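Grab the viewer, try each task, and then walk through the solution.

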Amino acid sequence: MIALFIDDERTIKLLSATIGLKDAAYLLLIFLLAAGILALRVLAKIYNAVSYDPFYKSAEYHYFYLEDGTVITRNRFDLVNGWHQSAVLPEENLLWYAPIPQDSIIYRLYQRGRFKDRRISSGDKAPQIDPINMQRMPGDDQNYRYMWQPRINPSLAPKEEISYIAEIITPGTEMEAFEARGTNFGFGLNVTCRRATVFAYAPFGYKFVLIEPRFSVRDSQTLAEIDSGRSVEPNVSPDGSMVTLVIKRPKVGERYWVHYRFEKVEV
């Protein structure tokens, strides 16, 4: 790049007895790049410090599909606590197509923060949790909303960071994905998040086919489609076995859906 903007005669010019103009330009670019990276990190630390409420630094949703309609969901959350001691984590919710047994939702801590003996659960049954509320969506007899607020012991200290996984297994509940009309997958959040990513994996011998609308934003309460101003395109891998969706700063109160179906491919 320097050679494009500085002609050869100038690049060999010496600024001092040992440093040429070309070398000085290299050093300046390295300094500016390092300063930019440092500034971003400083801004992130300032945001962490001044944020009163808890928030997710990142959230990841992994959907693993099997040919019999079983879905294994692993949701990973990187949480920064607010300016208060907390024995509960942010409320979570799941929208699903059938009742889920209470022993199908399991929490796993993989970064325990400052304490090595922490437990995470929803009440007395650790590590299994019971959804504290299940309701049918308005005007829809096929979708159920599950809501729960996991507890953590010992409590989180102010501004403490912790990471954990919620694993959910739903046997034989996703059969519409194998039909022509298809179905959807996605997520919704109840607290602020910097970046959310969804990874979906097709069953062996099948591929994802996106159907219209390929991506939609829904109201979390009514599931009515809304215009959020986002122009997001789900990314399908070349062989169709995986779909990735990235949402920067997802809004509380919105659900993000990818619409798809599975088609069989030659193995």
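**Exercise 1.** Find Asp78 and work out whether Asp78 is buried or exposed.

*Solution.* Asp78 has a relative accessibility of 14%. Buried means under 20% relative accessible area, exposed means over 50%, and partly exposed is in between (1.4 Å probe, protein chains only). So Asp78 counts as buried.

Before moving on, a word on the model: it's predicted, so local features need pLDDT of at least 70 and side-chain atom pairs count only at pLDDT 80 or more, while totals for chains, interfaces and linings use all residues. Residues are numbered from 1 along each chain as its sequence is written, and side-chain values use heavy atoms, with hydrogens and water left out.

**Exercise 2.** Find the salt-bridge partner of Asp78, then see which network the pair belongs to.

*Solution.* Start with the rule: a salt bridge is a side-chain nitrogen of Lys or Arg within 4 Å of a carboxyl oxygen of Asp or Glu. Asp78 pairs with Arg76, and their closest N and O atoms are 2.6 Å apart. Arg76 is partly exposed, at 23% relative accessibility. Now try another pair: Glu176 and Arg181 form a salt bridge with an N to O distance of 2.9 Å. Glu176 is partly exposed at 24%, and Arg181 is exposed at 55%. Back to the network: salt bridges with shared partners join Glu60, Arg76 and Asp78.

**Exercise 3.** Count the salt bridges, and look at the one between Arg74 and Glu167.

*Solution.* The count comes to 10 salt bridges. In the Arg74–Glu167 bridge, the closest N and O atoms are 2.6 Å apart. This pair links distant parts of the chain, 93 residues apart: Arg74 sits in strand S2 (residues 71–80) and Glu167 in strand S10 (residues 161–170). Strands here are DSSP runs of E, at least two residues long, numbered from the N terminus.

**Exercise 4.** Describe the largest pocket: which residues lie nearest its centre, and which strand gives the most to its lining?

*Solution.* A pocket is an open set of points on a 1 Å grid over the protein atoms alone, where a 1.4 Å probe fits, with protein on both sides within 12 Å along at least five of seven lines; lining residues have an atom within 4 Å of a point. The largest pocket has 34 lining residues, and Leu95, Trp96, Tyr97, Asn184 and Trp257 lie nearest its centre. S11 gives the most to this lining, with 6 residues.

Note on methods
Helices (H or I, at least four residues) and strands (E, at least two) are DSSP runs, numbered from the N terminus.
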